[in-house]
Amino acid sequence: MNVAIAGAGIAGGYLAGLLEQRGISPDVYDGRDHATSCKCRSCGWGVPMDINTYLTDVGLDLKDYLIEPMSPMNFDGLVAETPLCTIHKPRLLRDFAGAAGVKRQNLDPEKAEDYDIVVDATGITRALLPPCSSELTLPTLQHRVAVESNGNDRLGAGVYGNRIPGLGYLWIFPLGNSHYHIGIGGIGHIRHDSLLERFYRDSSGMFSFTGQCSCHGSIRVASPHYSTPFYVRRTRNDGTPQLVIGVGESIGTVSPFTGEGIVHSLECARILADSWPNSEDYTKAVLARFAWMKKERETLDYLLSPEGKSGPRMRDRWRFFRNARRSGIKLPMLEAFRQMGTLSQWVENPDL
Ligand SMILES: Cc1cc2nc3c(=O)[nH]c(=O)nc-3n(C[C@H](O)[C@H](O)[C@H](O)COP(=O)(O)OP(=O)(O)OC[C@H]3O[C@@H](n4cnc5c(N)ncnc54)[C@H](O)[C@@H]3O)c2cc1C
């Protein structure tokens, strides 16, 4: 059976390693035509430390990629312990790719004809599957900056929702050697570049910022439930059947609240490898495993609707709290509920 994986990002690169262990040697394609200086898709590189359970499955070790723990972390002024860290994602992708032997070209439909099974691991592009039922995406702008302290303070890791009008947040993720990813993701009438400039201006008393690079991106925040179909069966030009099946962000395995997709795309790839190649079982398992993402997506829909102008409901606050708990962030319940309250301000001032 000929198998191709389109996309050597997190999901595709990891899946290739898992399939190899099961005696399947897929051909992996990735043109990597990203206009970024790290040659990867725009990303903050933030993950939970327990990503290591996935890495060890394919013979890798977090310590070879760990840049910096992100504990404590500032959430709109509230400082909490987290199990988060930053990793050298380009190096991880290189090591995934090293094992798989990636072909440096995109998989186009003509070449895809050669394969019995084609995996669409093309992330936001979703190059081979038909369009999904919802295309809700979060536009982003991220800078890599060198930060110099004007005193003794060090810029800490943080996530700030109250700096963003509309629905979104600003993140500060340390990359070692006084470098940081500072980015903004926001839905609505948000001027990402002027909000980042405002952040630099507001912080200029304490820190000096020197830009290294900048990239725009988009995150699929539709949730898996609204990113169907996960697979299609088609007939090739020579009359033989072909299965095209999605994995990772191409089928929406990203937290709609936070845009966190790395660890969830690894989990999705693991589910696909475990159910290979039973597409029905895979679909059921993904929808069940990420059912919470559907609820987060419904909160986004509500907050973006006219009724949502009155602010988050109790169930939205509960989902926010559950999200923090799921990520191992130790926000006290009352504080988490208060934080969610700031979300209503973002929505109430969409044109700021
Ligand atoms: C600004 C920004 C910041 C983010 N920060 C974080 C974060 O800190 N933590 C986190 O967990 N998540 C973060 N995310 C989300 C995370 O990056 C993604 O959810 C995750 O990388 C998805 O992995 P993937 O393998 O499914 O897709 P991708 O990583 O997007 O990989 C898809 C690959 O497919 C390739 N491709 C595209 N078309 C084709 C084709 N036709 N043929 C072959 N290859 C193709 C692309 O070149 C790419 O390498 C961020 C996203 C953005 C935009």
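Ile-164 sits in the loop that joins strand 10 (158-160) to strand 11 (167-174); helices (H or I, at least four residues) and strands (E, at least two) are DSSP runs, numbered from the N terminus. The model is predicted: local features need pLDDT of at least 70, side-chain atom pairs count only at pLDDT 80 or more, and totals for chains, interfaces and linings use all residues. Residue numbers start from 1 along each chain as its sequence is written.

Ile-164 is buried, as 25 other C-beta atoms lie within 10 Å. A residue is called buried if 20 or more other C-beta atoms lie within 10 Å of its own, exposed if 12 or fewer, and partly exposed in between, with C-beta atoms placed from the backbone. From Ile-164 to Ala-97 the C-alpha to C-alpha distance is 37 Å, for a sequence separation of 67 residues.

Strand 11 contains Ile-172, which is also buried, with 22 other C-beta atoms within 10 Å. Beyond its neighbours within four places in sequence, Ile-172 is in contact with Leu-155, Ala-157, Gly-158, Tyr-180 and Ile-182; contact requires C-beta atoms, placed from the backbone, within 7 Å.

Strand 11 pairs with strand 12 in the antiparallel sense over eight bridges, where pairing takes at least two bridges found by DSSP. Phe-173 has His-181 as its bridge partner in strand 12. Four residues lie between the strands of this hairpin, and Gly-176 there takes a positive phi near 80°. Strand 12 also pairs with strand 9, again antiparallel, over seven bridges, and Thr-140 is bridged to Gly-185 of strand 12. Eight of the nine residues of strand 12 (residues 179-187) are buried, so the rest of the structure largely encloses this strand.

The ligand is surrounded by 41 residues, the closest being Gly-7, Gly-9, Gly-123, Gly-248 and Gly-261; a residue is near if its C-beta atom, placed from the backbone, lies within 6 Å. The ligand lies between domain 1 (3-64 + 88-134 + 222-293) and domain 2 (137-220), because both give residues to the shell; the bounds come from an automatic or database domain assignment.

The average pLDDT (the predictor's confidence in each residue, from 0 to 100) is 91, and 94% of the residues score at least 70.

Notes: Two residues are in contact if their C-beta atoms, placed from the backbone, lie within 7 Å.
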